[in-house]
Amino acid sequence: MADTKAESSVDSSALIPNSGNVSSQTNNPLARKLNKILETRLDNDKEMLEALKSLSVFFTENSLRTRRNLRGDIEKRSLAINEEFVRIFKDVKEELESIHEDVQAMSSCCEEMTSRLKAAKEQTQDLILKTNKLQGENHRLEVRAQVAQAFLSKFQLSSEEMAILRGARDGPITEDFFKALTRVKSIHEDVKVLLRTNQQTAGLEIMEQMAVLQETSYEQLYRWAQNECRGLTQETCDVPPVLTQAMEALQDRPVLYKYTLDEFGTARRSAVVRGFIDALTRGGPGGTPRPIEMHSHDPMRYVGDMLAWLHQATASEKEHLEALLKQVTVQGVEDSMQEIVGHITEGVCRPLKVRIEQVIVAEPGAVLLYKLSNLLKFYHHTISGIIGTSVASLLITIEEMHVLSKKMFFNSLSLHASRLMDKVELPPPDLGPTASLTQTLSLLREVLTSHDSSVLPLDARQADFAQVLSCILDPLLQLCTVSASNLGTADMATYMVNSLYMMKTTLALFEFTDKRLEMLEFQIEAHLDTLINEQASYVLTRAGLGYIYNCVQQHSTEQGPLSNLPSMDSSSLKAAMVQFDRYLSSPDAYMMPQLNFLLSAAIKDQIFKQSTELVCRAYGEMYTAVTNPANNYKEPESVLHRSPQQVQTLLS
């Protein structure tokens, strides 16, 4: 009611104009309160907002009745909340009282147990002390047992390892044997630590025990490896990994290691010899490939097949040794391998040498001997790359056969040269190379062709080349010189040029012939000079200027004018010029017959060109002499009506 009255008074006061007494409004408490309420900003008053929000829950209708009952509703709601709060706290109080009773019961039980434990402790105090003492003793014994066990495991072998090392005398060797042997070596090294402590007696005993066990194990391993190596007598052998491990272990005993390697070499030597004899006489499995002896009629294939088989066998034996010694780390392994491979291949030296000697002594011909020599040299170089540079019987045998074949080859060349000189052929009518020269050059071509196709190193091929050329070319040059000794100058020069040209064209196809080609070129040039001079003399004589040119060359001022000499008057010179004009109109007709026999058209053209230059030069000398006033020729231009330049133009 009071709120309603206040609201009505506020509303009525708000309707009154402000023109009344302002001071009475400001002094009115109700007005101040209303102003304060109106000035309040609800958005900043969180408590007021929360209160209004709670009020909105149950104050849903804004009417006069609800506003009058608002206070009572709020008080009723507050009372209901307090009653609910009391009820809930009553339940909590009852639960707390129940918990308190349980805690009281637990406290009583704990006090009872504590008292009982105190009584039990007083009764068992002596037993606990004895138990603690026994536990301490037990711990000490356990530590000592662990120390003893560690000592035994470090310095003693297990029963299984002892059984493996002390197995049957001829029993197999397995991977476990090497593990046990490694363990023995490790113990033998580790026990040296004991010798620097107070346990020297135990250390010495263990060291002595391990040393005996080591020697026994190495002896057993050596016997097993020896038996294994003796069994490797098949042509194809596979080195088992266990044998490789055995060689690695035996390297600590150099004597046993060396004996085992020797046993391996002996076994493989017999296998290689047997395989080589089978390859010679029986061939491969099922007859393929065919026996090497089947090709004995073909020296190159026969010797080549034998050497190829030995090369393959040597490479295979080197691979077997590498597989056997791949885990060996001692110094000198490579030297040992070379020595053993040399020992393995030593057995085939005798049958190889006998067969190659038979081929060489049968004198199959110079070309075949040279090919055999190169073949032997090639396989010597190839096999030495496998065996190494050590002195091996197989390499010595191949080198001996190479020297023998080379010696027989040069003997064959020397014999061929001596036969040529015994019966010197006269040059043929066409002044070409003789049959013996052609035959010898054909032999040289075959030899050089086989030399070029050789697979020898470059320096080795070049060293043989000079000796081969000397043995063939020097007798040929001597033969040509003797054969042409009874010929005329032009014939001899033509024959020599043709012969030297044949030699040059033969050598030009091959390497390492530069020096010889240069020498032959010099000799050809010397004979070409002869032919050029002969051709020039031939032209001057046939053209009627030979006598005139000789007079011009031999004339001196003491003899007087040139025109006073016999047949040197103007009319004689004019007659000679008529004949010379015929030469100028057809110079090709004035060629020596010998030039048509030249084998090289280039040489023929060279001779013709240079001889023409000599003719032009000779005519120039004659023209100079005739036009010289001292020689008293009247109207010299009418005597020699062509100038040297005109002659040169006509002949060019």
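Modeller: Let's start at L431, which is buried, with a relative accessible area of 5%. (Buried means under 20% relative accessible area, exposed means over 50%, and partly exposed is in between, using a 1.4 Å probe on protein chains only.) L431 sits in the loop between α16 and α17 (435-452). Helices here are DSSP runs of H or I with at least four residues, numbered from the N terminus. The backbone of L431 has a phi near 60°, a positive value in a residue other than glycine.

Before going on, a word on what you're looking at. This is a predicted model, where local features need pLDDT of at least 70, side-chain atom pairs count only at pLDDT 80 or more, and totals for chains, interfaces and linings use all residues. Residues are numbered from 1 along each chain as its sequence is written, and side-chain values use heavy atoms, with hydrogens and water left out. As for pLDDT, that's the predictor's confidence in each residue, from 0 to 100. The protein averages 83, and 91% of the residues score at least 70. Residues 1-22 are another story: pLDDT stays under 50 there, and the model gives that stretch seven contacts beyond four places in sequence. (A contact means heavy atoms within 4.5 Å.)

The structure holds one cavity of 30 Å³ or more, and about 40 Å³ of space lies in the largest cavity. Two of the elements around it, α16 (393-422) and α18 (458-483), are the ones that give two or more residues to the lining. A cavity here is a set of points on a 1 Å grid over the protein atoms alone, where a 1.4 Å probe fits but cannot get out, and lining residues have an atom within 4 Å of a point. Grid points are joined across faces, edges and corners, and the volume is the space filled by probe spheres set on the points. The lining includes L413, H416, L420, T440 and C471. By type, the lining residues come out as seven nonpolar, two polar and no charged. (Ala, Val, Leu, Ile, Met, Phe, Trp, Tyr, Cys and Pro count as nonpolar, Asp, Glu, Lys and Arg as charged, and the others, Gly among them, as polar.)

Past α18 comes another loop, between α18 and α19 (489-507), and N486 has its place there. N486 is exposed, with a relative accessible area of 69%. From C-alpha to C-alpha, N486 and L52 are 157 Å apart in space and 434 residues apart in sequence.

Now on to helix α20, where you'll find S537. S537 is partly exposed, at 40% relative accessible area.

From the helix α23 side, look at V615. V615 is buried, with a relative accessible area of 1%. Leaving out residues up to four places away in sequence, V615 touches A536, V539, L540, F580 and Y583. V615 and N564 are 25 Å apart, C-alpha to C-alpha, and 51 residues apart in sequence.

Two of those partners, F580 and Y583, bring us to the rings. A search of the whole structure finds ten aromatic pairs. The rings of F580 and Y583 have their centres 5.7 Å apart and their planes at 40°, so this pair is tilted. (Rings of Phe, Tyr and Trp, the last by its six-membered ring, pair if their centres lie within 6.5 Å; planes under 30 degrees apart count as stacked, over 60 as edge-to-face and the rest as tilted.) F580 and Y583 are three residues apart in helix α22 (residues 570-585), so about one helical turn separates them. F580 is buried, at 0% relative accessible area, and Y583 is buried too, at 1%. Ring pairs link F580, Y583, Y590, Y619 and Y623 into a cluster.

Technical notes:
On a 1 Å grid over the protein atoms alone, a cavity is a set of points where a 1.4 Å probe fits but cannot get out, and a pocket is an open set with protein on both sides within 12 Å along at least five of seven lines; lining residues have an atom within 4 Å of a point.
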